[in-house]
Amino acid sequence: MQAEIITIGDEILIGQIVDTNSAWMAQRLNAIGIRVKQVSSVADHPADIIVALTLASGRADIILVTGGLGPTKDDVTKQAMSVYFDCGLRRDAKVLAHVESIFRRSDRPMLEINRRQADVLDKSEVLFNDMGTAPGMWIEHKGKPYVIMPGVPFEMKHVMEERVLPRLTNLPGRLPLWHHTLLTGGIGESFLAEKIADIEAALPPHIHLAYLPKPGLVRLRLTAEGEQLEALKNETQTIAMQLKERIGPYFLANEDTSLEVLIRDFMQQRELLLATAESCTGGNIARLITALPGSSSMFEGGAVTYSNATKKNLLGVRQETLDSHGAVSEETVREMAAGAQANFGVDYAIAVSGIAGPDGGTPEKPVGLVWIAVAGKNGVIARKHLFGQDRAINIERSSAAALLMLWQLLNAEWNTPACR
């Protein structure tokens, strides 16, 4: 069973907001065995909406629409759908009472434009929206369900969870879907694909392997579809174990997770503390760690030591080292890591110094040159990296490389397999 998601709103098309609704909906639909075939975004123009609905009806078994249900003139979804479904609008008494109660609670005047929020398509069943004024609607048209929901994310999620997913779960024709994700690091997508090519070629027709790369990491997602969910789980787990054995040291985790989560959990379990000393990454590594719940139990703090003076004053990097080797050097980054470890009083410390770009490079030290060091219980290790010309990508790749170095050192020093 396949679905298409249509998001409506000029604000999406001009980049004013990011469409997070589709990703969230796709996750929930996949979990109940409904594949998302396509996601479309269209402007607040009736003709565009009608074309999108017509095309979706030829591709998908279920069409889900969000956005454009507000009370203002630019919200034209209901009007466009009235034409598409060849029906009028009716004012729903229960929805109107709900809207009126919201305005009474907030002591605001009720205008006719607000009453129009209770207007729903004649052919529809109301999907009541407890969280806002715009109700959702369910319409059966030419044998296919159309689900229309508000675009405000928390309202859409409520309607989807409470009204839509229970109905979709009972639709006939669904086949169970199962996703099993593995995390790898330190190997490029093409090299990884070559390494596991024979395993991928031997996959049965109902199991598909997808590569999901990001700087420094590649996720492998096995997607299986069949009659028996437990059988799919067992089958994908067997294949995952084959992949794990083949990938070897590049295998990080037998689950859909992130490197920073692996590090947080590892250090929490062993009551270890981490600090960071960042130059070219500007605090991005600390941001990745502290974005996680529970990171306060293992992250002591960080320093963004952009200038030579702060490298000296906060981390104890020697002037002689800076004069002889420069800020972007193995010697400097080693002293940064050791200084952070000592001054923050932690078990492990990450240090990064490089030339993120787009300027500042020289023939000897070009843009993209980054030195990374990690201090642990047995000393400091350092590695040189040469990335590209893009500043944002260099920061992202440097952060990923630093976390991977820390993860590898943790497992080496604690004599544990570098995966879970």
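Visitor: Over which ring does the charged end of Lys233 sit?

Guide: In this predicted model, the charged end of Lys233 sits over the ring of Trp178, 4.8 Å from its centre. A second case involves Lys94, whose charged end is placed over the ring of Phe128 at 4.7 Å from the centre.

Visitor: How many aromatic pairs does the structure hold?

Guide: The structure holds four aromatic pairs. One of them is formed by Phe266 and Trp407, with ring centres 5.6 Å apart. Planes over 60 degrees apart count as edge-to-face. The planes of Phe266 and Trp407 stand at 80°, so this pair is edge-to-face.

Visitor: Which parts of the chain does the pair of Phe266 and Trp407 tie together?

Guide: Phe266 belongs to helix α11 (residues 259-270) and Trp407 to helix α16 (residues 391-413), so the pair ties together parts 141 residues apart in sequence. Both Phe266 and Trp407 are buried.

Visitor: Which residues do ring pairs link into a cluster?

Guide: Tyr84, Phe85 and Tyr146 are linked into a cluster by ring pairs. His141 is in contact with Tyr84, Phe85 and Tyr146, leaving aside its neighbours within four places in sequence. His141 itself is found in strand β7 (residues 136-141).

Visitor: Is His141 buried or exposed?

Guide: Residues under 20% relative accessible area count as buried. His141 has 15%, so His141 is buried. For the chain as a whole, 50% of the 420 residues count as buried.

Visitor: Let us turn to the sheets. In what order do the strands of the four-stranded open sheet lie?

Guide: The order is β10-β11-β9-β12, and the pairing is antiparallel. The edge strands are β10 (207-214) and β12 (251-253), each of which pairs on one side only. Neighbouring strands of this sheet are turned against each other by 30° on average, direction ignored.

Visitor: Which helix packs on that sheet?

Guide: Helix α10 (residues 229-247) packs on the sheet and touches β9, β10, β11 and β12. The direction of helix α10 makes about 15° with that of β9.

Visitor: How many bridges join β9 to β12?

Guide: Two bridges join strand β9 (residues 177-185) to β12, and these strands run antiparallel. Leu183 stands opposite Ala253 in β12.

Visitor: Where does Glu225 lie, and what is in contact with Glu225?

Guide: Glu225 lies in strand β11 (residues 217-225). Leaving aside its neighbours within four places in sequence, Glu225 is in contact with Arg35, Leu175, Pro176, Leu177, His206 and Leu232. With Arg35, there is a polar contact between the two side chains at 3.3 Å. Leu175 is 50 residues from Glu225 in sequence, yet their C-alpha atoms are 6.5 Å apart. Glu225 has a relative accessible area of 21% and is partly exposed.

Visitor: What is the order of strands in the open sheet of five?

Guide: Here the order is β14-β13-β15-β16-β17, with mixed pairing. The edges are β14 (299-304) and β17 (379-386), each pairing on one side only. The twist from one strand to the next averages 10°.

Visitor: Which strand pairs with β13 in the parallel sense?

Guide: Strand β13 (residues 274-278) pairs in the parallel sense with strand β15 (residues 348-354), over five bridges. Thr276 stands opposite Ile350 in β15. By contrast, β16 (residues 369-376) and β17 run antiparallel and are joined by eight bridges. A hairpin joins β16 to β17 through two residues, and the bridge partner of Gly376 in β17 is Gly379.

Visitor: Which residues is Phe344 in contact with?

Guide: Apart from neighbours within four places in sequence, Phe344 is in contact with Ala275, Thr276, Glu300, Gly301, Gly302, Ala303 and Gly339. Phe344 has its place in helix α15 (residues 330-344). Glu300 is 44 residues from Phe344 in sequence, and their C-alpha atoms are 7.0 Å apart. Phe344 counts as partly exposed, at 25% relative accessibility.

Visitor: How many helices and strands does the chain come to?

Guide: The chain comes to 16 helices and 17 strands. The C-alpha atoms fill a box of roughly 80 × 55 × 40 Å along the principal axes. Among contacts with a separation of 6 or more, residues 24 or more positions apart account for 68%.

How values were computed:
Residues numbered from 1 in each chain as written. Predicted model: local features only at pLDDT ≥ 70, side-chain atom pairs only at ≥ 80, totals over all residues. Heavy atoms only, no water. Pairing = 2+ DSSP bridges. Axes fitted to C-alpha atoms, helices over the stretch in contact; angles between N-to-C directions. Buried < 20%, exposed > 50% of the residue type's maximum accessible area, 1.4 Å probe, protein only. Contact = heavy atoms within 4.5 Å. Polar contact = N/O pair within 3.5 Å; in protein donor to acceptor, adjacent residues only side chain to side chain. Phe/Tyr/Trp six-rings, centres within 6.5 Å; stacked < 30°, edge-to-face > 60°. Lys NZ or Arg CZ within 6 Å of the ring centre and 35° of its normal.
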